[in-house]
Amino acid sequence: MSARMDDAAEAPDAPRATPSRLARFLGSDLWLNFRRSKLAIGAFAVTLLMFGLAFAAPWISPQNPYDPAQLELLNSNLPPLWNPDGQSPFLLGTDDQGRDVLSAVLYGLRLSLIVGMLGVVVSGFLGIGLGLVAGYFGGALDTVIMRVADVQLTFPAILIALVVDGVAKASFGSALDTNATILLIVVSIGLSFWVQYARTVRSSVMVERSKDYVQAARLIGLSSPVIMVRHVLPNVTGPVFVIATINLALAIITEATLSFLGTGLPETMPSLGTLIRTGNRFLFSGEWWVVAFPGIALAGLVLAINLLGDWLRDALNPKLQ
Amino acid sequence: MTETVLSVRDLRVAFETRRGTLTAIDGVSLEIGRGEILGVVGESGAGKSVTGSAVIGLIDPPGRIAGGEIRLGSERIDDLPPEKMRRIRGRRIGMIFQDPLTSLDPLYRVGEQIVETIRTHTDLSAKTARARAIDLLTEVGIPAPERRIDGYPHEFSGGMRQRVVIALALAAEPELIIADEPTTALDVSVQAQVITLLKRLCREHGTAVMLVTHDMGVIAEAADRVAVMYSGRIAEIGPVAEVVRAPRHPYARGLMGAIPTLSDTAERLTQIPGSMPRLTAIPPGCAFHPRCPNVFGRCRVERPEPILVGGTRVACHLYDARGEAA
Amino acid sequence: MQRRCDAVTSSLKNALLALGLMVGLGAAPAEAQNVFRFAFQGDIKSLDPYSLKESFTIGMHGAVYESLITRDKNLKYAPQLAESWETPEPTRWRFHLRKGVKFHDGSPFTADDVIFSANRVRAPGSNFQTNVPSDAEFVKVDDYTVDMKLKTPNPIAIAQFSTWYIMSKAWAEKNNAVQPSPPTATSPSYAALHENGTGPFVIAEHQPGVRTVFKKFPGYWDKVESNIDEAVFTTIGNSATRVAALLSGEVDWIDPVPLQDQPRVESSGNAVVMAGPELRTIFLGMDQSRDELKDSSVKGKNPFKDKRVREAFYLAIDEDTIAKRVMRGQATPSAILIAPSLYDRSGEIKRPAYDPKKAKALLTEAGYPDGFTLTMDCPNDRYVNDEAICQAVVSMLARVGVKVNLNAQPKAKYFAKGPGAGLRHLVLPGRLDALLAGQSQHPLRDRRLPERSQVGPRRLESRQLLQPEDRRDRRQGGAGDRCQDARRLDQGGLRHHPGGLGLHPAPPAGARLGRFEEGHAGAAARQHADALLGVEAALRRDACSRS
Amino acid sequence: MLAFLIRRLAQAAVVLAVVGLIAFAMFRFAGDPVNQIVGPDTPVSERAEIRKSLGLDDPVLLQFGRYAGNVLRGDFGISYQFRQPVTTLLAERMPATLELAFCATLFALSVGILMGVYCALRRETFLAKLFQAISLVGVSLPTFLIGILLIFLFSVTLGWLPSYGRGDTVRIGGWTTGFLTVSGLKALILPSITLGLFQMTLIMRLVRAEMLEVLRTDYIRFARARGLTTRAIHFGHALKNTLVPVITIAGLQLGSVIAFSIITETVFQWPGMGLLFVQAVQNVDIPIMSAYLLLVAAIFVTINLVVDLLYTVVDPRLRTSVGRTA
């Protein structure tokens, strides 16, 4: 993926004969553009920080918020440390179960990111695969796939995710363990976001398919799917990467909304959305920290990813250079 | 020579980019007289189109005119405020773009676009403007203009559309028309018609034309004088007969290797080994020296200034040296 | 302001929530009408008074329908549509009906309507079939006298006459509503969308799930103790929105106020919180019927059958902290399932103290030194802070080594687990290991507040959640008949016991100041049903104290 | 044109059939409706009876057939919760949702286009960057959070606007409208902004990107070369061309706004179809859920159809070729 990205990212007038990939990347417009864009650097830094914090959560957070035995009800509803009523070690306060908000945010970030990324991977594979198939085989198969895509576009992702989630829970019983729940949300998100990839890949395939070299390759009996994958995928990595970035943000929001509506992750294993849902009950009552910090973390993460996605889209769009 | 319509002196156009300032046009000087067609030739990227854009004031940021001056008649126009420049565009300088397919707004009828142009620059009523639009369409050879005036651009063929574009450029009777590759996107058979039309209109209205093209055939066919551009500089400029028949600059010689009739010249241009340098890597001295068959030491260090040789001006040390010797 | 009252009076006032709600007039003299706007978290499910035994719904019916006998402000029996009654012989109850009463459509109320209603209540599709003794036969003596004949004497039958409303026979027949709208109705019942009672208010507009408008009934037979001309009911499910609507003055009364929002409502300066204990007990139920739990690490046996395990659970849960933290002081730990206010001697029964060490020891003794795993089901939209209580329990049990997989879910899913919430889960083969449930012994929802002596065995089946065995025996003497009954039932094969959790929540409602007289409002208490009762009372109560 | 229409209608029918199948199949198996109908005290035998009388024990295919037949007759069944025909319930709620969606779309379109155009034309200004930043924040904040923040600010803190419901409505025939009363209009403000904000940022970004693209086209350059005024170029030509693709997106947005209103209606307790749907999901009210899904699909398909037709009105290129390419 990353290697291909280098290729796609390389602007046409970047020097071709440079020795290593790294050097090529460093010499590319993309890198130059990045170095010049303070916003991109900032967004990248924030994203990196969030990822770092999220995956270091088990080692750096004062508490494991998923372990009920570590929660002490007597520590509940504590305000952040700088408030006179705050108590060490609860830097950002605690929720109504005595859960350390800082730890919960870190673990929540981790969950949100895992769910978001897995969701993106699922939808990416699904979308790219279906897009390749639709574009390559055309005909009835194409019609069916794109019609399904049309139908799916009728409903916003959140509705689809709600439906998928609800159906699965009803079918498998609601006593799903948390891993199954995560998987379920990932699948819901994956099923909600594949259309964009499919459309992008499909149109690219349609263009490529009519090109002479593909026709020629077919004539000499080369396996054409291989050609498609080899020639089409590199061409669409740019757009697909942009879609993936922006979809990561959307997936995180979708997970948060699902959790907020109560069909996502349970309160015993809170993601950012679950934390906001819990905290929302206390927002008006002055216990703002329960909702504020997860809210800020969520908005910050999504904003950073969005900024990055935006920048990437502009940077990879030759028309804008 | 007749009265000078356009006079460009030592024009420099620069682009600010992430990698520093690129000079796209460097010291270009040329003049066009009333009723005269000046051909501007060169490879892609030689600065032909940028020169045209500079004249009409359509250099977009990050580009800018970095030096020299442009005069229309006696008025200096390169430093005019935008609003004044706008009034000159269309009114006194018309422009024709390369691709007639994309030059017209697809959402408006051609008549609407012509009337719009006319009324922007004159006080004509809508009705009169429409009558004038029909006249213009007639003049550029659109059949049944009363009916076609209400057609949308996509309903016209390429050649017909280029005629509409020419009509639009002529709408306010400008003194100068900049035709930027007006025939490149057209079928060969249509190219000749359009060139003929351009020549006729130029003659009838006394309009000066800057005909930007990379097609030597078009130049030979239409132009009175010709300027050969290379890497943002004029290599040779002079009467078409002289430059075409007896090119002096080695690059021009390469270009004129054979005057094609009306065929694709792109291939012949490749007869010159190598390719034109990028703007980021213009060599010192004469920009052409890495490809020049006649290169010698001075070419690599000193940039040649244009020298009047016969009826043409040539920027080449070969002639300087000969001049010294003589 | 007295927000918490002592248990007994609060239960009384509970029912009459807003006897205390008073509506101040003067605020807007331009308004010809005195409009009272109120919001509840749920909806009025049907207007058919026999359709659904759901507390809020039938509570709201009370504003438009009336029963033969009612309870007065002190919860004493009082005449309503029956002016008086007597028991000429042990198996015969005679009701002398009130004359001159008109239904909302103008037709007169007679003995035929009583007999019709008594039959309709017991007809298929009614959710209230048990509210009239099934062996009762209603006989018309004359137009204003009705006899109820029973096969056997029933001294507490009086308790039931306040629990079902009287409908109009002619109206029902005309509108094809002779049968109660059964749950399976495939066509909308007229009676489900329209009303025709004898009560002080008529429903002028009913948009299910959106709003319902009550208007004064000009032909009401009694003096209406209310200055409200119109009451507009709206459902606002979202707590934050509901509180916001109260504070911004869009509604005058909301139910419930989330616990954490109480201080804010109080300090807002324009609204007041009214709170008092529910008669509901929140408890933990454990499956002791099956030989193996469904989702547990213990295979081949059911740990809950071991008394030591149950006791360990009891000892491991710190109810005081839950009451203080999760319920923010708005709950009372309880040792028995029956609400303390319903039982004079409840104070004699004490809870064993929180003792996690002993709990751990008991678990070890029972053969679970490392604890075990099981699943607990919990509703998240049924009781006040239900999910939070569950979470707290989970974390407390975790500390003695019992790992509980919490399955918190909306009540729609929660109920699907078994044929009903509450104790029945444990009686019937349900699909649960353990659950959090709430049981309101007091069917306040239908305004049957049984006095102690009147609690009969028939009702006990639903309230036989008792103490762990060892405590039960000690209790027996004091608790009297009821415990005897309970033991009898227990011996009859219904073996289940509560987990260590007993809470009486006291969730608050919020009322806007300025429109209510604080002295009265402060005394009000509530539970689900009280929303209506309160409003009904408010509707009836003549207020305008400010002017 | 007719063929196009028929084709589109056929496609719409297929889409609706698929959605109908999905709606039925999904919700048939999600949750047990019986628990919603009966009280907790109902014995098992009675439950079984209810299942039977509802036809929940019949073969699935039979159940779907029955459902489809009824739907075609306009009968979506009886709501389990309200014991009323779903058609009536939806008809009652539809005005609320449509009015909200209309206002949200109006807000999203007007503000989105204005901001987008501004950002495209004044790319480098502070305000443009601010708008860009706002749009990013708008995209990054979940709808529910925005709604709650707005309520917190404007209802609770400032007390300016109502926090829930539609205010006073006026009934005109079968339609209740909040447009005719002050409280009704006030009640529309916050939900419309909440619902429209996301779409607004999308439209703003789309308009900006499209417009930048259009501004780079030849016909805009040509329009400048014709000396047209900036206003005519930007608003006569660039904006009109920008709006062609925007129409499609905006149409699709309107469809998703209706479906998206689920979240907004829940936060604001807006008595529309979305709230009804959420209540239905919570109460496993299958008839309402499937009817809602079908209705959303139908609305979407209709909008699509209208957009297609609108497209041909706006874009003359499609008028002649629509029969072939669609």
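Colleague: What makes a residue of chain D count as buried, and what percentage of the 326 residues in chain D are buried?
Modeller: In this predicted model, a residue is called buried when 20 or more other C-beta atoms lie within 10 Å of its own, and buried residues make up 53% of the 326 residues in chain D. For chain C the corresponding share is 58% of 547 residues, and for chain B 50% of 326 residues count as buried.

Colleague: Why is Ile227(A) called neither buried nor exposed?
Modeller: Ile227(A) has 18 other C-beta atoms within 10 Å; being buried would take 20 or more, and being exposed 12 or fewer, so Ile227(A) is partly exposed. The residue is found in helix H10 of chain A, which covers residues 224–261, and its C-alpha atom is separated by 37 Å from that of Ser37(A), 190 residues apart along the chain.

Colleague: How do you know whether chain B is as compact as a globular protein of its length?
Modeller: Chain B contains 14 helices and 12 strands. Its radius of gyration is 20 Å, and the globule rule gives 20 Å for 326 residues, so chain B is as compact as a globular protein of that length. Along the principal axes, the C-alpha atoms of chain B fill a box of roughly 65 × 45 × 40 Å.

Colleague: Which residues touch the most other members of the largest nonpolar core?
Modeller: They are Met210(B), Val228(B) and Ile203(D), in a core of 341 residues. From chain D, this core draws at least three residues from each of domain 1 (2–72) and domain 2 (90–283). A second, separate core has 43 residues, including Leu259(C), Phe283(C), Tyr368(C) and Leu406(C).

Colleague: What does Ile203(D) touch, leaving aside residues up to four places away in sequence?
Modeller: A contact requires C-beta atoms within 7 Å, and with that exclusion Ile203(D) touches Ala108(D), Leu109(D), Gly112(D), Ile113(D) and Gly116(D), together with Val246(D), Ile249(D), Ala250(D) and Gln253(D).

Colleague: Where are the two domains of chain D, and how many Å separate their centres?
Modeller: The domain assignment gives residues 2–72 as domain 1 and residues 90–283 as domain 2, and the centres, taken over C-alpha atoms, are separated by 34 Å. The secondary structure of chain D comes to 13 helices and two strands, while that of chain C comes to 18 helices and 19 strands.

Colleague: What do the UniProt "transmembrane region" spans 243–263 and 291–314 of chain D consist of in the model, helix or strand?
Modeller: The unreviewed UniProt entry lists these two spans among its transmembrane regions for chain D. Residues 243–263 are 100% helix and 0% strand, with the end C-alpha atoms 29 Å apart; residues 291–314 are likewise 100% helix and 0% strand, with the end C-alpha atoms 34 Å apart.

Colleague: How is the side of chain D that touches chain A made up, in nonpolar, polar and charged residues?
Modeller: The contact takes 31 residues from chain D and 29 residues from chain A. Helices H1 (2–28), H6 (126–140), H7 (143–157), H10 (230–268) and H12 (286–314) of chain D each give two or more residues to the side that touches chain A, and H10(D) gives the most, with seven residues. The residues on this side of chain D divide into 26 nonpolar, four polar and one charged.

Terms used: Residues numbered from 1 in each chain as written. Chains lettered and ligands numbered in written order. Predicted model: local features only at pLDDT ≥ 70, side-chain atom pairs only at ≥ 80, totals over all residues. Core = buried A, V, L, I, M, F, W, Y, C linked by C-beta atoms within 7 Å. Domains from an automatic or database assignment. Contact = placed C-beta atoms within 7 Å. Helix = DSSP H or I, 4+ residues; strand = E, 2+ residues; numbered from the N terminus. Nonpolar A, V, L, I, M, F, W, Y, C, P; charged D, E, K, R; others polar. UniProt positions renumbered as here; feature names shortened; annotations may be inferred. Rg over C-alpha atoms; globule rule 2.2 N^0.38 Å.
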